[in-house]
Amino acid sequence: MIQLYHVSKNYGNYQVLTDISLNVEKGEFLYITGPSGAGKTTLLNIIFCGVKADQGQMLVNGKNVLKLKNSDIPYYRREIGVVFQDFKLLPRKTVYDNIAFAQRVIGVRNKKLKKKVWMALKMVGLSHKKDLLPLSLSGGEQQRVAIARALINEPSIILADEPTGNLDYDVSMEILSLFESANSRGATVIVATHNREIIKNFPHRIIRLNYGKAVEN
Amino acid sequence: MACQLLTCRFFINIVNIFRSIVYAFQEALTSIRVNKGLNAITIGTIAISMTLFGIFFLIFINLQKMAIDLGGKIKVIVYLKDNISQSQIEHLRRNIAFYKEIEKVSYVSKEDALINFKNKLMDKKAILDGLDSNPIPASFIIEVKEGFRTLDDMGRIANGLAGVEGVEEVEYGREWIDRFETFMVFFKLGMGAVGGVLAMGLLFIISNTIKLSVYSRLDEIEIMKLVGATNHFIKGPFIIEGMIQGFTGTIISIMLLFIGYEIIVSKLSPSVIFVFGFSDILFIPSNGIIWLVVSGIFLGFIGSLISLGRILKVRT
């Protein structure tokens, strides 16, 4: 599903990733761990096409992603759902509109969109808060909105960058169970985290990054 | 079958484009409603910039009117022979009326010409008292329509009339027209250059103001990119917002210009008329107002496009 071959990335003189080779199978759940600054976010960004690797090759669903034209990147991203530590919600849009936004972007009609947003709201347990603005929600609730937005387009890949970074234990477990259920429906999930508790409670394959180099645990 | 499929796809595309435009409009209006402060600054900047441009435009049309008024003084004078008969005069009048370039023809008899000449001489008119006969010839004074006050057209009319029986001489102020034409060429070039520089300055100011509005919403653009929005989808609402800002700013500037114009005309008009010899100070004509509004919308459009261009080049 996702194959990286000798991928490296520098920011100026700073080597963030060094010769990373990785193979993630379809439907797999993978953790990327490591201390802050180890390159976890950069690795997810490369898969997401947010930054371009300086060296190496990357195949996603058989496509050579590093050779994608800029105009093709938005269409590639529609196959991926992303979740961040800081949620990245639109502060002036309601919960409903934040989730619906991902559908509007890909041109889904209103009738179908309403049905899908409603299902996504139900899935993350926020139907009763659909008309609120994100800032009036708790951190856990905001993250659930972000997950609903990431999942609504039924992506084949889900990337989560420290999704439980700002959340307490119980809420973190709830968030992880949402990723688990998406994974059980067939999505490939990659979670970058240094939260040992969630790894312990939801054990899966782990890749550890240390000073930009990958070590399989 | 293939043809039906193509037609079907064509209509689906049209519907999708229409839906995107409606969505972009809704988003632009929401953004204007939500970002009131920033929008007020942008619209205010556009209004001030367009007012400056409008002042330039007002100066331009009034100078142009002055030049046209001066052009109105360009005339063809057909001097007639002393022995010309009344029927020859009528024949000549019909000949002159044949030219489509002619706006007005007036006949000045020998007697009237002498009176006019005496009036011009004022207190020195006594020098004409010793004359036995009237030496001033009768003439036709021809005013030419605005578009034909060129050296070529005037020369053609003059040459055409010079050969007609009963005509002594035809004059049309060849040197004056030549100077006037040169002046108009430089006037238009100069005004075009000033207008061009001013428009570039306006574009720079407006695009930078719109850039502020775009930068304040970088997070929103980033999120749009995260969910796979294409650049067109992201640009749409910003461009429509820029066009609405351009339109509103220009309408405000026209109102400011009109108020300013009314104040100047009511309070300063007599002195300005005296100094510049204007018969009247003009406001921007209706087609000029349409032109200004369209320019304002266009500046908003281009300003947004320039501001967005650099931001959207970045991958995330």
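**Aromatic pairs and the A–B interface**

Phe53(B), Phe56(B), Phe57(B) and Trp291(B) make up one aromatic cluster in this predicted model.

Trainee: Why is the pair of Tyr23(B) and Phe233(B) called stacked?

Mentor: The ring centres lie 5.0 Å apart, with 20° between the planes. Centres within 6.5 Å make a pair, and planes under 30 degrees apart count as stacked; the pair is therefore stacked. Tyr23(B) belongs to helix H1 (residues 2–34) of chain B and Phe233(B) to helix H8 (residues 231–267) of chain B, 210 residues apart. Both Tyr23(B) and Phe233(B) are buried.

Trainee: What makes the pair of Tyr107(B) and Phe140(B) tilted?

Mentor: The angle between the planes is 55°, at 5.2 Å centre to centre. Stacked requires under 30 degrees and edge-to-face over 60, so the rest are tilted. Because Tyr107(B) lies in strand E2 and Phe140(B) in strand E3 of chain B, the pair ties together parts 33 residues apart in sequence.

Trainee: What makes the contact of Glu222(B) and Lys88(A) a salt bridge?

Mentor: The N to O distance of their side chains is 3.3 Å; the limit is 4 Å, so the contact qualifies. The count between chain A and chain B is three salt bridges.

Terms used: Residues numbered from 1 in each chain as written. Chains lettered and ligands numbered in written order. Predicted model: local features only at pLDDT ≥ 70, side-chain atom pairs only at ≥ 80, totals over all residues. Heavy atoms only, no water. Phe/Tyr/Trp six-rings, centres within 6.5 Å; stacked < 30°, edge-to-face > 60°. Helix = DSSP H or I, 4+ residues; strand = E, 2+ residues; numbered from the N terminus. Buried < 20%, exposed > 50% of the residue type's maximum accessible area, 1.4 Å probe, protein only.
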